Amino acid sequence: MHERPQIAVVELVIPCDSPYTLEMSDAHRYFLTLRDQCFESTDSLEARAAAELSSHLQAYVLVRTTPVRQAVRATTAWGPDAQSLDLAPVSVVRGGVQASLLRHARHARHADTPSALPSRECLTSDLLSVRCPLTDGVDYGTVWFDYTGEPICRHSLLAYVLSYRDSAMFIEQCVERLFADVLATCAPTRLAVGARFTRRHGIDINPVRSTHAIAITNIRTVRQ
């Protein structure tokens, strides 16, 4: 059993005859209280949020969620060969960033890892998050790795991405660390790492680091 983090896009429908409304900062603080809680199902999460919000707003609030991996894929083109890391059974990794988790596929025992023949692959995860060192708010992002070399263990790469969850760092620093750790530990012949984070105050921050010149297409996702 594992407790892999789940991130979703939430839609709140508040009736116009509600005596109260939900201010953005209050909504942000409320959903942060759910971040480290476990739920048996999506239905139980929606029911809990609907009950609590309805009670506070004194009107029935409809809560609908969509897994972010579905919402992001519906609004961006990662290419037909891109593969998500997010279904691997990896639990929350505590204690800060742990580059020691990274390893090649030939050193792993997981059945879903590819062969150890050198190859190019594009791997993505929608479960990246870090805490802002200034506000302690959470920045959520979709990260992608365009990787050429001896195949990386996907299970270990997702665990490494999840280890950022408790870390306080700026978004630019986060992508730099992702790039540097994978490059140093796994020694690919070519590597590009980028992330698209949830827009903050109307500004997109989407850093990219690469060992070689690449063309960047600024295709916004549901996060922007």
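Let's say two residues are in contact when they have heavy atoms within 4.5 Å of each other. With that in hand, take L85: leaving aside its neighbours within four places in sequence, L85 is in contact with L123, T124, S125, R154, L157 and L158. This is a predicted model, so local features need pLDDT of at least 70 and side-chain atom pairs count only at pLDDT 80 or more, while totals for chains, interfaces and linings use all residues. Residues are numbered from 1 along each chain as its sequence is written, and side-chain values use heavy atoms, with hydrogens and water left out.

Back to L85, which is found in the loop between β3 (83–84) and β4. Helices (H or I, at least four residues) and strands (E, at least two) are DSSP runs here, numbered from the N terminus. L85 has 4% relative accessibility, so it counts as buried; buried means under 20% relative accessible area, exposed over 50%, and partly exposed in between (1.4 Å probe, protein chains only). The C-alpha atom of L85 is separated by 7.9 Å from that of L157, although the two residues are 72 apart along the chain.

Now step back to the whole protein chain. It has 5 helices and 7 strands, and from the N terminus on they run β-α-α-β-α-β-β-β-α-α-β-β. Of its 224 residues, 43% count as buried. Among contacts between residues at least 6 apart in sequence, 73% join residues at least 24 apart.

The buried residues of α5 are I171, C174, V175, L178, F179, D181, V182 and C186. They cover an arc of only 170 degrees around the axis, which puts them on the same side of α5; the arc is that of the directions from the helix axis to the C-beta atoms. What do the buried residues of α5 pack against? The partners are β4 (119–131), β5 (138–149), α4 (154–162), β6 (190–197) and β7 (208–210).

Finally, find I214 in the segment after β7. At 34% relative accessibility, I214 counts as partly exposed.
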